[in-house]
Amino acid sequence: LSPPTHAISLLRQALPSKDIINEEEEDDYEEEVLVYAAFLATSLAEANDFDPSHWNDVLSPYLLDDSKVIEKWCSLTEKEILGDVDSESEDEDSGEELCNIRFSLAYGGKILLHQTRLHLRRGHRYALVGENGAGKTTLMNAINKGKLEGWPTFLKTHYVDSGSNVDPVYEARHVMHNLISATGSSEEKCKNLLHKLKFTQDMMDGSIGELSGGWQMKLRLAEAVLVDADILLLDEPTNHLDHITCSWLTEYLQSLVDTTVIIVSHDTHFMQEVCTDVIHYEKREGWIHRKLVHYRGTMSDFVAKQPQAKHYFELATSNDLEFKFPEPGRLEGIRTSTQKFLEMENVSFRYPGQTKDLLTGITIKMNLSSRVALLGANGAGKTTLVKMIAGDTMPSNPDECKFFVHHNLRVAYVAQHSFFHVEEHMDSSPVAYIQWRFKDAYDKEKLESAAFKISDNEQAAIDAFGLEGIWSRRMRAGRLEYEVKKKGILEKNNKYYSKEELLDMGFERLLKQTDEKIAAREAGLDLRPCTTTEIQRHLDDFGLAQEFGTYGKIRGLSGGQKVKLVLAAAMWNCPHLLVLDEPTNYLDRKALGALSAALNNWGGAVLMISHSKEFYSSVCKEEWLVEGGTVHVAGDSGEREMKAVAKKKAFAKDEDEETTKEKAGGNVNVDGNKYKDSALNFWGQTLPKKDVRNYEKAKKKGDVARMREILKIPAGKIMPGMEELGDGK
């Protein structure tokens, strides 16, 4: 056998300089012994065994029991074989060693980290840095549960999650009782800390689910402060927090001496202030899988050593990630980008059961050029105002205010807890989720929400009136009228009622559902195919690749990828107004740069709640400050290019296998519009749009005779594909 020259070379590096063997000097180590030891070391390395104690047991008989030489040889071989890069100094004063382990990590069938090292010391604050989907949260969870190979079982960890998962059981718990039981602290100690974080007595006496996102994060951080842990794991701790609370958190973490902290956050300024070390997910040339690379110093020191990582400090676009938003389309009666589609004057809002208005005297307006940042402290009423704009709630003083929202306005609302959108679909793919939500040519999730769901009282009013359905809507003499079909009455006797009349009858939610369906049809959702190819093409425009969009499950997506999915789903119906509640949560810097660029190029209006001035100032030129129950307007969005114009509703077609084969055979007639061709009568003629709608009405009523008449099916004949209509006899 040929001597393992590389192993021998590493051994020579490990030997003291006086012991290096050369041809002119005798030594206690003989060449044959070194070669044999090198063979043994190679066997250990091939087995991925880099435990110094094992190396010492195997090699000490041949290296004069020199454990220092053996340990250095083991370390050199390990770094050479596994490609470790670690810039950490090994000074004795760098802190007590908490763990020094090697492990691999996978999620499902995907390897996230392979044979990488994690070396933690007490009192250090580590920034865990990597792109969306790299596996940062998966690693934090594995550490918290002690699932990493070789993890020291004596270490006590505490995990503060990002709030990305909605847990009804957790949200139903009492705030104070939960904090006491989770931390084992006294009620007095818990109360003092919550008072310091500005919790009111009502908040302490209520349930967790009644708190806004910012207050829920404060509560989770309070729990972390009261738990005496060796390692704190903070996943996006600044999500939803205002500047005052962020400053408190920064000062608290900087004061920790005996606690090690690992932080995942896309708030680079916060990481720069807090962290003493950086652990970076890297995949270098020659590495098959990612590894963790440790850098001593702050985030700016890290970027100085790795200039290609400067995007962590910049909000700039990247060539490898771009968001493409669909243009909003025409809004009836709106001819310029400065013509208002929403106006509030002297609007107030009060939650049911409360004695005081949360918002008072609100006067605002919006148009397609609006780019508005909604600012204010946690609990000031920002989300409440957004819900009123989105149509989820109504003013509490309707007779004393002006409240105008265009009847065809399409609003995309990405909520503060954006993951609640997908919480019931965790085992579905992103494509399947969008198919479920939009397959009926309207937003099913929206119509099933509490704001649109018909109440028992309203259903009773509908039944008492004998209302079968609302067939259509028209604008007449400047007011909206709805065509109402009553049970037992022929369609030709349908009657039009004004919106005010129907509201007086108690049909508020039914009208909201009708307006939403009509607005969706105006967006072309009745023509847009909900096929896998069409949806994946849409997801590609938001940076969610086929690997995750079509073949992955929502449960396996990272926080940033879930945000991309929720954003893509919200934009499916080509909205005129996009409302973003804390859009910077979970998105990395590259994705934020892409989102900023897409918003600036888009032709619709934008309203966002964000504590990140760097982000909102890159998009918004107008600011609404919610303070003291009212809204103060500053700045001006100006005028932008009018892009919400009428366009022909056309969508790219999917090619099935048969069509591909036909084209390959030279048949040039196979490229017809199959979505158009699907609306054909018995004789293969295309149905006019009016007949299509009449057919849908007849289908709703179960009028088979009328359906056969529209499709021109001769008596005694059965139309292929329409066997359920029978032969007419």
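Predicted model: local features only at pLDDT ≥ 70, side-chain atom pairs only at ≥ 80, totals over all residues.

**Stop 1: a strand residue**

Select residues 630-635. This is strand S20, and Val631 lies in it. Is Val631 buried or exposed? Its relative accessible area is 10%, so Val631 is buried, the cut-off being under 20%.

Now show what touches Val631. Leave out neighbours within four places in sequence, and the contacts are Ile362, Ile364, Leu385, Trp624, Leu625 and Val626. Pick Leu385 from that list. Along the sequence, Leu385 and Val631 are 246 residues apart. In space, their C-alpha atoms are 9.5 Å apart.

**Stop 2: a charged patch**

Switch to a surface view. Select Lys517, Arg521, Lys689, Arg693 and Lys700: together they form a positive surface patch. Two elements each give two or more residues to the patch: helix H19 (508-522) and helix H27 (689-701). Which helix gives the most? H27 does, with 3 residues.

Zoom in on Lys517, which sits in helix H19. Its relative accessibility is 35%, so Lys517 counts as partly exposed.

**Stop 3: a covered helix**

Go to helix H20, residues 532-540. Which of its residues are buried? Colour Glu534, Ile535, Gln536, His538 and Leu539: these are the buried residues of H20.

Next, bring up what lies over them. The cover on the buried residues of H20 includes helix H15 (430-438), helix H21 (546-549) and helix H22 (559-570). Show these helices together with H20 to end the tour.

How values were computed: Residues numbered from 1 in each chain as written. Heavy atoms only, no water. Helix = DSSP H or I, 4+ residues; strand = E, 2+ residues; numbered from the N terminus. Buried < 20%, exposed > 50% of the residue type's maximum accessible area, 1.4 Å probe, protein only. Contact = heavy atoms within 4.5 Å. Patch = residues over 30% accessible without salt bridge, like charges linked within 9 Å, V, L, I, M, F, W, Y side chains within 5 Å. Areas by Shrake-Rupley, 256 points an atom, 1.4 Å probe, with all protein chains shown as cover. Salt bridge = Lys/Arg side-chain N within 4 Å of Asp/Glu carboxyl O. Lys, Arg positive; Asp, Glu negative; His and termini not counted. Charge placed at Lys NZ, Arg CZ, Asp CG, Glu CD.
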